[in-house]
Amino acid sequence: MMRTNLKAVVVGAVLGVTGAAFAQGTPAAPASPKAAAATSKAAPGKGAAGAKAGAEAASGKTEVTWWGHAAFVVKTPGGAVLAFDPWLTNPKAPQGATWPEAVDAILVSHGHFDHVGETKALAQKTNAKVYGSFELVGLLGLPEAQNQGGNVGGTFQVKDATIHIVEAVHSSSYQADPKGPSQYAGSPVGFVVEIANGPTLYHAGDTGAFQSMALIAEQFKPTVALLPIGGHYTMDPAQAAIAARLLKVKTVVPMHYGTFPALTGTPDALTAEVKKVKGTVKVLALEPGKSTPL
Ligand SMILES: [Zn+2]
């Protein structure tokens, strides 16, 4: 029963990717004023981009944009653009928004389709380097210069962002073709990103809560955690509240909920669970497509 349901969800979602990816490939007029604003913001000329990056650096701001599910784009004060788990065509993705024009690094937590998403297309378009497990990044068939496969314990520098690969408790396999076999894709991972003059972000990928989150806290002192709360394949809100306590973060940005019917956790439920464990963490629920300073 569960297996049948899972298959239906996966097939439906993959079909969704194909259709949306096709739509993305055809330049079209934005459907709404909101979409037009998103488009003009997302695709400035080179000069405008430079000026904007300069302004952000001056104000010392890090900006995060949620693309729905586990997909985020983060811009640092030093001008690094990082894309996490870029399934940019997921059902919750901002409608009509164009993909980021310039990306320095793509961070992929594991091989499942809803996390690899459009990694290959985005890497081809932007020349970004791709970080993740050695096995998974190797399966993507990228040019050598873009292949930054590593493993838990590895540290990488991208402009003013220091990226650490950390543990996640989940599974990982990769299907290059939705109808083809699944391939072993190494261990699932999470990422801690220390941003100079900015926050230290922890993107947990898909995971349950685990005791070594306390070790992540000790090693890297993250201030903001992007945590899955949907349940079924990951932590639910009650477990995420405990995770936030282990991580000692000030802020939790919930992710990986509401995309499919099985992912039933909500930010409100997380807020209630934080209160139950007498936590002080702030739950910052983002709106897809809206850039938020951190
Ligand atoms: Zn997964």
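## Close-up views of a predicted model

View 1. Phe 72 lies in strand β2. Helices (H or I, at least four residues) and strands (E, at least two) are DSSP runs, numbered from the N terminus. This is a predicted model: local features need pLDDT of at least 70, side-chain atom pairs count only at pLDDT 80 or more, and totals for chains, interfaces and linings use all residues. Residue numbers start from 1 along each chain, as its sequence is written. Why does Phe 72 count as buried? Because Phe 72 has 22 C-beta neighbours inside 10 Å. The cut-offs are 20 or more other C-beta atoms within 10 Å of a residue's own for buried, 12 or fewer for exposed, and in between for partly exposed, with C-beta atoms placed from the backbone. Not counting residues up to four places away in sequence, Phe 72 touches Val 64, Thr 65, Trp 66, Trp 67, Phe 84, His 203 and Leu 226. Contact here means C-beta atoms, placed from the backbone, within 7 Å.

**View 2. Strand β3 and its partners.** β2 (residues 72-75) and β3 pair in the antiparallel sense over 4 bridges. Two strands pair if DSSP finds at least two bridges between them. Phe 84 in β3 is the bridge partner of Phe 72. Phe 72 and Leu 82 are 10 residues apart in sequence and 8.1 Å apart in space, C-alpha to C-alpha. The β2-β3 hairpin has 5 residues between the strands, and Gly 79 takes a positive phi near 90° there. β3 and β4 (residues 105-107) run parallel, joined by 3 bridges. Leu 107 in β4 is the bridge partner of Phe 84. From β3 (residues 81-84), Val 81 and Ala 83 point one way, Leu 82 and Phe 84 the other way, and all are buried.

View 3. β7 and β8 (residues 161-167) run antiparallel, joined by 4 bridges. Thr 155 stands opposite His 164 in β8. Angles run from 0 to 180 degrees between N-to-C directions; axes are lines fitted to C-alpha atoms, for helices over the stretch in contact.

**View 4. Helix α7 against helix α8.** The axes of α7 (residues 213-220) and α8 (residues 237-247) come within 7 Å and cross at roughly 35°. Met 213, Ala 214, Ile 216 and Ala 217 of α7 meet Ala 243, Leu 246 and Leu 247 of α8. By class, this contact has 7 nonpolar, no polar and no charged residues. Ala, Val, Leu, Ile, Met, Phe, Trp, Tyr, Cys and Pro count as nonpolar, Asp, Glu, Lys and Arg as charged, and the others, Gly among them, as polar.

**View 5. The buried residues of α8.** Which residues of α8 are buried? They are Pro 237, Gln 239, Ala 240, Ala 241, Ala 243, Ala 244 and Leu 247. Their cover includes β12 (200-203), α7, β13 (224-228), β14 (251-255) and α9 (267-276). Just after α8, Lys 248 takes a positive phi of about 55°.

Conventions:
Contact = placed C-beta atoms within 7 Å.
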